Amino acid sequence: MSVKHENLCELYCIDTDRTQQAEVLDFTLHRHLTVAIAGNKITLSWNPKFEHYQGKMAGLDFTSEGPKHYNVRTTR
């Protein structure tokens, strides 16, 4: 069984109160999420207390629930 995820996710900026689509560059479930938005790379870490990913860039705070992920059954 393997985990597949979508290439886009919602990224919310707390300081500006805006939500945008971001391209997922790297994703590990409940560990970290790296996204690209407007030519910038943002790394977010999993926060188990709030159950979402959090990160900072250029003095702005970002959160995301991460991309939708699916368990895919693989066979030979």
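Because the model is predicted, local features were considered at a pLDDT of at least 70 and side-chain atom pairs at pLDDT 80 or more, whereas totals for chains, interfaces and linings use all residues. Residues are numbered from 1 along each chain as its sequence is written, and side-chain values rest on heavy atoms, with hydrogens and water left out.

The strands, taken as DSSP runs of E with at least two residues and numbered from the N terminus, include six that form a closed barrel in the order β2-β3-β4-β5-β6-β7, with antiparallel pairing. Neighbouring strands of this sheet are turned against each other by 40° on average, direction ignored, where the axes are lines fitted to C-alpha atoms and angles run from 0 to 180 degrees between N-to-C directions. Two strands are said to pair if DSSP finds at least two bridges between them. By this criterion β2 and β3 are joined in the antiparallel sense over six bridges, and within this pairing Y12 stands opposite T19 of β3, while L11 has Q20 in β3 as its bridge partner. The hairpin of β2 and β3 has four residues between the strands, and D17 in this hairpin takes a positive phi near 55°. Antiparallel pairing is also found between β3 and β4, here over five bridges, with E23 opposite A36 of β4.

The hairpin formed by β3 and β4 has three residues between its strands, and its turn contains H30 with a positive phi of about 60°. H30, a residue other than glycine, is placed in the loop between β3 and β4 and is partly exposed, with a relative accessible area of 47%; buried is used here for values under 20%, exposed for values over 50% and partly exposed for those in between, with a 1.4 Å probe and protein chains only. A58 is placed in the loop between β6 and β7 (60-64) and counts as exposed at 70% relative accessibility.

The largest nonpolar core has 13 residues, and those with the most contacts inside it are L11, L33, V35, I42, L44 and F62. A nonpolar core is understood as a set of buried Ala, Val, Leu, Ile, Met, Phe, Trp, Tyr and Cys residues joined through side-chain atoms within 4.5 Å. The elements that give two or more residues to this core are β2 (8-13), β3 (18-28), β4 (32-37) and β5 (40-47). Leaving aside neighbours within four places in sequence, L44 is in contact (heavy atoms within 4.5 Å) with L11, H32, L33, V35, Y53, Q54, G55, F62, T63 and S64. In strand β4 lies T34, which is buried with a relative accessible area of 7%. When residues up to four places away in sequence are not counted, T34 touches E23, V24, L25 and D26, and also K41, I42 and T43.

Two aromatic pairs were found in a search of the whole structure. Rings of Phe, Tyr and Trp (for Trp, the six-membered ring) pair if their centres lie within 6.5 Å, and planes under 30 degrees apart count as stacked, over 60 as edge-to-face and the rest as tilted. F27 and Y53 form an edge-to-face pair, with 6.0 Å from centre to centre and 65° between the planes. F27 belongs to strand β3 and Y53 to strand β6 (residues 52-57), so this pair ties together parts that are 26 residues apart in sequence. Ring pairs link F27, W46 and Y53 into a cluster.

The structure holds zero disulfides, a disulfide being a pair of cysteine sulfur atoms within 2.5 Å. The sulfur of C9 has its closest cysteine sulfur in C13, at 14 Å, which is too far for a bond. C9 is buried, with a relative accessible area of 3%, and C13 likewise counts as buried at 5% relative accessibility.
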